[in-house]
Amino acid sequence: MNPFDLAGQTAIVTGANTGLGQAIAVALAEAGADIVAIGRSPMDETQTKIAPLKRRFHAIKADLATTEPCARIVEETCDVMGRCDILINNAGIIRRADAIEFSEADWDQVIDTNLKVPFFLAQAAARVMLKQGRGKIVNIASLLSFQGGIRIPSYTASKSGLAGLTRLLACEWAAKGINVNAIAPGYFVTNNTDALRADKERNAAILARIPAGHWGEPQEIGGAAVFLSSRASDYVHGIVLPVDGGWLAR
Ligand code: NAP
């Protein structure tokens, strides 16, 4: 028995069209899972990557700026796939501005997308998982779940909140068969970090601090997602697992 095998499991992955979400969806499919890809953009590229793996794939169009689609996403997943075993709360946004002039709109949009929606999607998924007596929820946190950062006040608040929420949900649901954990990605090459990599000085400073010596490539997040989605992590609850090339060890 391979404890990392996800055959027969259905995984919901939000923000699966690109970046870390796409890489996680592909990694889960490689481990055997069927994928329900959620987002506001077309999922064609992700579907094409998963097609050779012969897993079932279903896309649900949903804008995760509000909680409105949360119940529908889980209902449709159960209708189409017959089950809902894994939820990867990955979709997220970032807004950059000095704290002194940060707008209320940039505060609300980030908190809603990165913290409020993940909670209500977890709640909707857990209602099914509790009946199944089993489930895995993985929140995509950040190094800003541990550190302050600069010029991203709502992002740091949202990701620090998500780490706390991960612990709370783990405490409530661990004895009921649901594992709630988080992954804290370090600095990865995705749309989220375009601005940082375009800034020569920031790019060099970040790179100089990463013990592994390179920005993370999206596929380097996959193993951690498979671990936290599989039986291999059945006694792991409420952790925030850094996948950061050693950044936090520095
Ligand atoms: P990304 O390429 O910008 O991907 C973000 C994903 O979230 C996209 O699929 C995006 O869809 C989706 N999304 C955002 N707002 C949405 C909305 N209202 N409705 C539906 N989907 C929405 O960045 P990424 O790096 O892969 O980010 C994935 C997660 O990792 C985020 O939670 C981010 O905070 C976290 N993270 C990333 C890094 C890093 O270094 N890259 C580090 C720490 C944490 P669209 O393509 O349609 O916008």
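Two strands count as paired if DSSP finds at least two bridges between them. Keep that in mind for this tour of a predicted model.

**Stop 1: strand β4 and its neighbours.** Select residues 135-140, which form strand β5, together with β4; the two run parallel and are joined by four bridges. To see one of these pairings, pick asparagine 89, whose bridge partner in β5 is asparagine 139. β1 pairs with β4 in the parallel sense, over three bridges. Here valine 13 stands opposite isoleucine 88 of β4.

**Stop 2: the side chains of β4.** In a regular strand, side chains alternate between the two faces of the sheet. Show the side chains of residues 86-89. Which residues point one way from β4, and which the other? Ile86 and Ile88 point one way, while Leu87 and Asn89 point the other way. All of these residues are buried.

**Stop 3: from β4 to β5.** Select residues 104-132, helix α4, and keep both strands in view. β4, α4 and β5 make up a β-α-β unit, and this unit is right-handed.

**Stop 4: two helices that cross.** Two packed helices are described by the angle and the distance between their axes. Select helix α1, residues 19-30, and helix α8, residues 222-229. Their axes come within 8 Å and cross at roughly 55 degrees. That angle makes α1 oblique to α8, and the crossing is right-handed. To view the contact, show Ile24, Ala27 and Leu28 on α1, then Gly222, Ala225, Val226 and Ser229 on α8.

Terms used. Residues are numbered from 1 along each chain as its sequence is written. This is a predicted model: local features need pLDDT of at least 70, side-chain atom pairs count only at pLDDT 80 or more; totals for chains, interfaces and linings use all residues. Side-chain values use heavy atoms; hydrogens and water are left out. Buried means under 20% relative accessible area, exposed over 50%, partly exposed in between (1.4 Å probe, protein chains only). A crossover is right-handed if, with the strands pointing away from the viewer, the path from the first strand over the helix to the second runs clockwise. Axes are lines fitted to C-alpha atoms, for helices over the stretch in contact, and angles run from 0 to 180 degrees between N-to-C directions. Angles under 35 degrees count as roughly parallel, over 145 as roughly antiparallel, 65 to 115 as roughly perpendicular and the rest as oblique. A crossing is left-handed if the near helix is turned anticlockwise from the far one by less than a right angle, and right-handed if clockwise. Contact means heavy atoms within 4.5 Å.
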